[in-house]
Amino acid sequence: MQNLLKSRHIAGWLLASPLAVVLALFLVLPIVMIVIVSFWGATEFSIYPAFQFDNYEFLFGSPVTYSVFLNTFKYAAITWVFTLVIGFTVAYFLAFHVHSLTWQVALFLLCTIPFWTSNIIRMISWIPFLGRNGLANSTLISWGVIDEPLEWLLFSDFSVILTFVHLYTLFMVVPIFNTMMRIDKSLIEAAYDNGATGFQTLTNVIIPLTKPGIMIGSIFVVTLVMGDFITVRFMSGSQSANVGRLISNDIALLQYPSAAATAVVLLVTVLIVIAVLLRFVDIRKEL
Amino acid sequence: MTNSDKTGGLNRRSVLKGAAATAAIAGTNTIGAPMIWAQNIKDITLRQFGTGVSNLNDVATKVKEDLGFTLEMTALDSDAVTQRAATQPDSFDIADIEYWICKKVWPTGNLQAMDTSKIANYDKIVGIFRDGKLTPESEIAQGTAPHTVGFVDGPGGREFVDNESGWMTLIPTIYNADTLGIRPDLIGRPIESWTELLNPEFKGKASILDISSIGIMDMAMVCEAMGEIQYGDKGNMTRDEIDATFAIFTEAKKAGQFRAFWKTFDESVNLMASGEVVIQSMWSPAITAVKSRGIPCVYQPLKEGYRSWGGGIGLSKNLSGLELDAAYEYINWYLSGWVGGYLMRQGYYSAVPETSKAFMSENEWGYWFEGKPATGDITSPTGQVMDTAGAVRDGGSFYDRMGAVACWNAVMDENQYMVRKWNEFIAA
């Protein structure tokens, strides 16, 4: 027994097994179940085991699916651009303009304060702010900027994307800030010494070295936005759809196989997007 | 009344339950001692599940007090209720479901018909649930009218019959007539027709509920009122009728007619109270909620009539012996007035209104049932004053409101097609 445990081979397997078991039980098994159920059939009240492609046929045969996927990509792309620009700027400011470590930590904590409340609360609090008689409209009217309340502020794509950006920018800030802090300051000094302008330093030194952080942040933002359903429902006033809402509608109507099929297609889509992202940066190497 | 809420927010039922729990209502026991052996009945537990409108903990407490046995309540959304009634007959003794759910579920054979001769107040049950007519002159509305799925041909009957056969599927418990809610202060002119929902005057200020089985009915009321579509039966549309209905509403949606769609009770209240929306589909307790914030809101009677719904309790096929006796005892108690008075104070109607009268004050009875001006304050279940002396209930008396029902909530033969179309409409 003693010898058995001492064997490097066995010990390695034993050490890895808790994580493997957890992942197998809570990640692999549920996904396998979803894939299996996606081939099942459903009546109005129940689901029954089968192996049929009806769910996928219906999914790919409906023009709604394509427009909804397109909409999901649109939300993801626009949100990604804004969170990247804002997140990069904030991280850049924290990492290079704030010199004292104490202030860096203090300001960084400041960024996280909104996250002490729940996601849903932060989302819903936009509704009274953006509403027809909300703070934004009444302020703009009192300043004389507009005469009539702006209708497109709430229950529109604008409000959906605004909320996404608000909810997920921190997921960009953290990884980018983290990689920026690890950039060797002497590299930047070297760039200056060699006559690079601030902009050249940014594009030739800082951005390439920050790529892993940008990529990790991008993966966070893209997967969160593509998997979301509740933000789209609340902020569009149920008037827009993304893939998450298709799934949630199916579940509400007890059409689990159809929901599972949509979930599988979404999962594959997101995996492809991440694979494409990872083509640009080898995260393992850079970390 | 399908209403599922995945966000943990409120829905109509949880609001009602909460409201009900805080309402202090004194009732008295009019039916006296339980009719079956008291020593055995204490051990009996009946498990009831349902859609929550009438699944009130106060009712369970009162049952324990008056009848001595235990009633366990489970409230679910109506999709889950339908599924459970159809697939898990062993998990309940009493099903509190809506009539359109009964139409879907009865053929599974999981419920047993009730012998009307054992129901003391059967003769006093409102005509809607017996021969379909509120008064002898009434016309029967479209959709799944309760009496069409109310009777079967015998104790084990699977087929619905069109006469009072003596074997009832559901004992009616609660029902109401739904219409559009409006903000009279922001509209400033009389609203008389369902067509106003798509009136360009209210562009960007209208809303409809995002629950397909009910939303489609409201849409049909609008399209028919506009004269655009003549339905054979709004409660059982053909594919062409479904397509035509969605075409009209999709066009309106693209033109920006709707501010939002709502799915939960609190969303409808907030849309109305904030002034985002001035006209929308609404449920009666939501009007109460807006009014109790001091904001004017009217449950507007419309000339084309109401969209109505009703629920009732049915017995599991597994009930027998003493438990079955207890269930009959419970049903008789249910119709004896206390519950009816409780529900009528929330704006619903009881199946046997005359027994409920004893449990309401003269002012309440006059306001809620007879449509008379209130003689004193009318308070909501949570105790806030909703209407003061002189106010009249929107739509008037019971006979004015229930007599003007144009269609009942229904389940269509083309239900799955309709649901797909609904998803397309939302994504359009």
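Q: Strand 7 of chain B, residues 171-178: how many of its residues are buried?
A: This is a predicted model, so everything here is computed from it. Eight of the eight residues in strand 7 of chain B are buried, so the strand is largely enclosed by the rest of the structure.

Q: Which strand does strand 7 of chain B pair with, and in what sense?
A: Strand 7 pairs with strand 13 of chain B, residues 306-316. The pairing is antiparallel and runs over seven bridges.

Q: Take Asn176(B). What is its bridge partner in strand 13?
A: The partner of Asn176(B) in strand 13 of chain B is Trp309(B).

Q: New topic, the largest nonpolar core. Which residues touch the most other members?
A: Ile279(B) and Tyr330(B) do, in a core of 182 residues.

Q: And which element gives the most to this core?
A: Helix 9 of chain A, residues 157-181, with 10 residues.

Q: Back to Ile279(B). What is it in contact with, leaving aside neighbours within four places in sequence?
A: Its contacts include Leu180(B), Ile182(B), Ile187(B) and Ile191(B). Glu196(B) and Lys205(B) are also among them.

Q: Now chain A. What does its secondary structure come to?
A: Chain A has 15 helices and two strands.

Q: Is chain A compact or spread out?
A: Chain A is more spread out than a compact globule, because its radius of gyration is 24 Å, well over the 19 Å that the globule rule gives for 287 residues. Its C-alpha atoms fill a box of roughly 80 × 70 × 35 Å along the principal axes.

Q: How much of chain A counts as buried?
A: 30% of its 287 residues.

Q: What about contacts in chain A between residues 24 or more positions apart?
A: Such pairs account for 70% of the contacts with a separation of 6 or more.

Q: What feature does UniProt place at residues 69-277 of chain A?
A: The unreviewed UniProt entry gives "domain: ABC transmembrane type-1" there. Over that stretch the chain is 78% helix and 0% strand. The end C-alpha atoms of the stretch are 19 Å apart.

Q: Last one: how many residues does each chain give to the contact between A and B?
A: Chain B gives 25 residues and chain A gives 23.

Q: On the chain B side, which elements give two or more residues?
A: Helix 4 (78-87), strand 10 (258-262) and helix 16 (415-427) of chain B. The residues on that side divide into eight nonpolar, nine polar and eight charged.

Methods
Residues are numbered from 1 along each chain as its sequence is written. Chains are lettered from A and ligands numbered from 1 in the order in which they are written. This is a predicted model: local features need pLDDT of at least 70, side-chain atom pairs count only at pLDDT 80 or more; totals for chains, interfaces and linings use all residues. Helices (H or I, at least four residues) and strands (E, at least two) are DSSP runs, numbered from the N terminus. The radius of gyration is taken over C-alpha atoms; the globule rule is 2.2 Å times the number of residues to the power 0.38. A residue is buried if 20 or more other C-beta atoms lie within 10 Å of its own, exposed if 12 or fewer, and partly exposed in between; C-beta atoms are placed from the backbone. Two residues are in contact if their C-beta atoms, placed from the backbone, lie within 7 Å. UniProt positions are given in the numbering used here, feature names are shortened, and annotations may be inferred rather than shown by experiment. Ala, Val, Leu, Ile, Met, Phe, Trp, Tyr, Cys and Pro count as nonpolar, Asp, Glu, Lys and Arg as charged, and the others, Gly among them, as polar. A nonpolar core is a set of buried Ala, Val, Leu, Ile, Met, Phe, Trp, Tyr and Cys residues joined through C-beta atoms within 7 Å. Two strands pair if DSSP finds at least two bridges between them.
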